[in-house]
Amino acid sequence: MSGSYTTTTTITAPPSGADIRPEIKDDIHDPSYQDEEGPPPKLEYVWRNIILMALLHVGALYGITLVPTCKFYTILFAYVYYVVSALGITAGAHRLWSHRTYKARLPLRVFLIIANTMAFQNDVYEWARDHRAHHKFSETHADPHNSRRGFFFSHVGWLLVRKHPAVKEKGGLLDMSDLKAEKLVMFQRRYYKPGLLLMCFILPTLVPWYCWGETFLHSLYVATFLRYAVVLNATWLVNSAAHLFGYRPYDKNIESRENILVSLGAVGEGFHNYHHAFPYDYSASEYRWHINFTTFFIDCMAALGLAYDRKKVSKAAVLARIKRTGDGSYKSG
Ligand SMILES: [Zn+2]
Ligand SMILES: [Zn+2]
């Protein structure tokens, strides 16, 4: 079925990962970097973020109580908005801009940057810098959402406190030249504040209200607050749950894990042991369309000629890795 795709670049002998994509290497794990001994880091709370995040989640909970009285189109709209903004993170900030696992032509990149702004998870440049640091310095203090600091910290807590000095120090040294050179990414960064206000809050509140006469309250609490909180938590689960719960069939020496539930919510990003083992694979999974709407989307874009040069690790290389570093949980066939 999906295996009949032939236009991808198959990586037959995955080396250390560096030369598959000449334009980027700073998302490859560097095991030589380890935390220095010392007391646990002091937490410096960012009260503005704590208050805004608490208000958003209270609003989202109230939104849940309004769902039964919503118009059908509002539910549909909120769902489509969820999927599109999630793609702005998964197909956009993650697989395209952080890892360069495929290439995208301008119309697709424009769509993804808009979708990414709808998701409001910091601009692509900042997201990618945090994410490359997460891969390169996984599970150390230089990993922005270090899962060794617990579920809550890696889920949302890291956004509510000042960054650990190691994140700033090591993150600042990462090679971000590819993104600095990309005008669209820099344009989003320059106009991020008005962009996110419009795309994440104003537009999804006005559309149901104006277009099909939904009440302002339902539009605001369901299509905006509830939808935004759901997308946030679904993506955060990749950093928390998928680093704590699940098997490690590809590499038992790293903390990231295969988690089907996370894949369902985060449109295909829960094959996380695989993804950290092979960050250059455009599917972020050994498989393609299996619980992976993001890969389906990228493949559709490729069929339209808007995505190309999708990097996929060969089956033989995957099997070799499983044999070498897997935890023994891999089921073939
Ligand atoms: Zn991860
Ligand atoms: Zn990644």
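Donors are N, O and S atoms within 2.8 Å of the metal (3.2 Å for Na, K and Ca), and sites may look incomplete because water is not among the atoms. In this predicted model, local features need pLDDT of at least 70 and side-chain atom pairs count only at pLDDT 80 or more, while totals for chains, interfaces and linings use all residues. Residues are numbered from 1 along each chain as written, chains are lettered from A and ligands numbered from 1 in the order written, and side-chain values use heavy atoms, without hydrogens and water.

**Zinc site**

- Four histidines, H134, H243, H272 and H276, each give NE2 to the zinc ion (ligand 1) at 2.1 Å.
- Their spacing in sequence is H-x108-H-x28-H-x3-H.
- H134 in helix α4 (residues 124-136) and H272 in helix α12 (residues 272-277) are 138 residues apart, so the pair links distant parts of the chain (helices are DSSP runs of H or I, at least four residues, numbered from the N terminus).
- The zinc ion (ligand 2) lies 5.9 Å from the zinc ion (ligand 1).

- H134 counts as buried because its relative accessibility is 1%, and H272 because its value is 2% (buried means under 20% relative accessible area, with a 1.4 Å probe and protein chains only).

Technical notes. Helix = DSSP H or I, 4+ residues; strand = E, 2+ residues; numbered from the N terminus. Buried < 20%, exposed > 50% of the residue type's maximum accessible area, 1.4 Å probe, protein only.
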